[in-house]
Amino acid sequence: ACSLLSPLTAADAPAKLPSGFSVQHMDLSVDPRADFAKFAAGTWYKNFQMPADKSRFGAFDTLEQNNWANVKAILEDLSSRTHPAGTLEQKVGDYFAAAMDDAAIDAAGAKPLEPFLARVAAIASIDDLSRTVGEFRREGVGGGMFFLGVTADQKRSDFNALYLFQGGTSLPSKDYYFAEPFAKVREQFKEHVAKMFVLLGDTPEAAAAGAATVLALETEMARHMKTPVELRDRVANYNRMSFDELAALMPGFPIRQHIRDAGYADGIVDYVVVGQPKYLEGLNGLLASRPIDEWKTYLRYRLVS
């Protein structure tokens, strides 16, 4: 029934957006016992035109488009009017207006990143790195060397657990860093990273060197990761640990303080679910063996990315 939603047109006002089941999309000439899909949506199938910019389209795409149109209309309305200071309407309207101000965004360039880049530049130790990345997590800024977050405990659905998973690399999966078919992708990735560093103000030579560092470090991180196929094993990727057990996996990294810096206070949770312990062990070794300047270069790219 969901597939019977009509595609959104630009002229549709939010109040007129279609929803639910429409008998107009049925084909009553079809025997439902022979082909229920055509009976329920045959006219829709016959008349629907695939959008030129899509490789696939279905019910949830239509729902998504309609929802985005509704959200856009709400935001445009809020940003076009004046609201009392401090209200949600004022905050949301101003936020949307600022995000849509292309001229101001272009004029600012990388300036909004400068306070964060200065904090990265000041890193002088693993403790500094841990604290900075933890604070970035709390502030909603990227740069983590692994995923850290709260989601429903897969073995206790009524309880939210703290999860720690492999992460922090830029390419889609482990194979992209090692398999021959992705050799060109790796070179293109280096070119992209170098361009980002140039936009931050680096010379082309420094940018190229920085890009090579990022790829080399991420490659070593990926070496300790599981493949997408291995990640399908939910049992193997559920390793409940105490914080002491977690700390034992990463003796060279102040993981407990890092979690506090990220905003997860002691006492809220008494355990953590670790997806891939071997990754954390490998990351601990990399943190000890790779120069701190390499991590700072990596973090600069993660920030701008």
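**View 1. Glu114 and its salt-bridge partner.** Glu114 counts as partly exposed because its relative accessibility is 44%, where buried means under 20% relative accessible area, exposed over 50% and partly exposed in between (1.4 Å probe, protein chains only). Its partner in a salt bridge is Lys111, with the closest N and O atoms 3.7 Å apart; the term stands for a side-chain nitrogen of Lys or Arg within 4 Å of a carboxyl oxygen of Asp or Glu. At 52% relative accessibility, Lys111 counts as exposed. A note on what you are looking at: this is a predicted model, in which local features need pLDDT of at least 70 and side-chain atom pairs count only at pLDDT 80 or more, while totals for chains, interfaces and linings use all residues. Residues are numbered from 1 along each chain as its sequence is written, and side-chain values use heavy atoms, with hydrogens and water left out.

**View 2. Further salt bridges.** By this rule, there are 16 salt bridges. One joins the side chains of Arg33 and Asp31 at 3.1 Å, N to O. Arg33 is exposed, at 77% relative accessibility, and Asp31 is partly exposed, at 32%. Another links Lys296 with Asp293 at 3.9 Å, N to O. These two sit 3 residues apart in helix α13 (residues 292-304), so about one helical turn separates them. Helices (H or I, at least four residues) and strands (E, at least two) are DSSP runs, numbered from the N terminus. Lys296 is buried, with a relative accessible area of 15%. Shared partners also join Arg119, Glu135 and Glu139 into one network of salt bridges.

**View 3. The largest nonpolar core.** Look here for 52 residues, with Leu129, Met145, Phe146, Leu246, Leu287 and Trp295 having the most contacts inside the core. A nonpolar core is a set of buried Ala, Val, Leu, Ile, Met, Phe, Trp, Tyr and Cys residues joined through side-chain atoms within 4.5 Å. Helix α9 (residues 204-223) gives the most to this core, 7 residues. A second, separate core has 5 residues, including Ala161, Tyr163, Tyr238 and Tyr271.

**View 4. Around Leu246.** Leaving aside residues up to four places away in sequence, Leu246 touches Leu164, Met241, Ile255, Ile259, Val272, Val274 and Leu280. Contact means heavy atoms within 4.5 Å.

**View 5. Helices α8 and α9.** Residues of α8 that meet α9 include Phe189, Val193 and Phe197, and among those they meet in α9 are Ala207, Ala211 and Leu215.
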